[in-house]
Amino acid sequence: MTKFSASTSTRILVTGGAGYIGAIATYILLDAGYEVVVLDDLSTGHKDSVDSRAKFIQGSILDKEVIIKALAGCEGVLHFAGKSLVGESVLKPDLYVETNVEGSRNLLDSMLVLGVKKIVFSSSASTYGEPSSIPISENSETKPTNPYGLSKLAVDDLLAERSTLDGFAACSLRYFNVAGSLKTKNGWLSESHDPETHLIPNVLKASHANPLKIFGSDWPTADGTCIRDYVHVVDLVEAHILALKNLTTPGHVVINLGSGRGYSVNEVIDTASKVLGAEITVVMAERRAGDPAVLVASIAKAKEVLGWTPLRDLESMIQDTYQASL
């Protein structure tokens with residue numbers, strides 16, 4: 001048995017389990033011996049991404065009746081469901097409050113009814129906003145700069161409150177950028193977003209007709225381009241499972257996940273060029289307002305509390321993403 005294996009046939013609810021991260025979490029849980037129930041409304045997820053070994057229920061976290069049905073027999077929850085586009089959140093802030101915050105409240109209310117007290121929440125390092133120091137620790141001030149980050153922080157606060165009032169054992173995992181794919185017996189599980197806003201897939205899709213935009217080359221970094229934190233989706237999922245296994249007593253803990261070092265835009269481009277064996281077509285653009293030069297999270301707490309360290313590097317993230325696109 002690996003450290004991710006279920007000691008018994010433990011049933012876990014994965015909300016948003018038809019999405020990119022949720023579908024990969026479902027597959028890894030099943031391979032580790034867990035039973036999995038997937039709840040997803042398919043507003044952005046894909047039914048064909050859900051492993052056939054899982055029980056799939058189509059429904060929304062805004063519907064308590066369907067949540068109760070999905071939770072039956074479960075011992076814990078990995079909560080990925082929610083809206084996650086910063087730009088959309090600015091245009092539709094109420095949607096992000098309703099889906100992310102009130103949907104999570106519905107989930108916790110339903111868990112309480114059935115006595116399910118363990119939950120790992122897929123939070124976000126966007127809760128920190130523009131940090132005053134790098135790397136960002138869990139003790140850094142939280143000051144989100146958009147409704148998406150605000151909604152994630154609201155759920156973190158809700159989990160802290162409910163862990164005290166109702167005895168939930170809860171963990172919020174905060175991270176920036178997820179990349180990579182998982183090869184399964186049935187093919188690759190990978191990103192499939194519309195629109196695609198993530199750097200690595202867009203680097204791989206760049207062409208002479210559609211060059212990649214680099215927003216500024218004069219940042220105060222070693223190569224002049226912004227530095228961001230990336231984590232391989234498999235490493236990320238393994239952290240979620242470790243967090244779930246670590247939930248033994250009531251309380252709420254916040255843990256950052258990331259590379260521990262960050263990668264510049266030029267590093268991502270150069271690594272993608274190496275993987276493709278071809279130059280990446282780029283064009284320079286002006287800096288975007290509000291873009292910090294460096295965003296990197298400290299992962300010291302993840303190492304200490306979960307025994308977690310990312311095993312897959314930037315080249316692995318890009319290589320897997322590329323292979324999945326073929």
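How many of the six residues of strand β2 (residues 35-40) are buried?

**Entry 1, strand β2.** I worked on a predicted model. I looked up burial along β2 and found five of its six residues buried, so the strand is largely enclosed by the rest of the structure. I counted a residue as buried when its relative accessible area was under 20%.

**Entry 2, partners of β2.** I then looked up what β2 pairs with. Strand β1 (residues 11-15) runs parallel to β2, with five bridges between them. In that pairing I noted Arg11, whose bridge partner in β2 is Glu35. β2 also pairs in the parallel sense with strand β3 (residues 55-58), here over four bridges. For Leu39 I found Ile57 as the bridge partner in β3.

I checked the handedness of the crossover. β1, helix α1 (residues 20-31) and β2 form a β-α-β unit, and the unit is right-handed.

I turned to α8 (residues 265-276) and compared its length with expectation. Twelve residues at 1.5 Å a residue should span 16 Å, and the end C-alpha atoms are 16 Å apart, so the two agree. I listed the buried residues of α8 as Val265, Val268, Ile269, Thr271, Ala272, Ser273 and Val275.

Conventions: Residues are numbered from 1 along each chain as its sequence is written. This is a predicted model: local features need pLDDT of at least 70, side-chain atom pairs count only at pLDDT 80 or more; totals for chains, interfaces and linings use all residues. Side-chain values use heavy atoms; hydrogens and water are left out. The expected span of a helix is 1.5 Å times one less than its number of residues. Buried means under 20% relative accessible area, exposed over 50%, partly exposed in between (1.4 Å probe, protein chains only). Two strands pair if DSSP finds at least two bridges between them. A crossover is right-handed if, with the strands pointing away from the viewer, the path from the first strand over the helix to the second runs clockwise.
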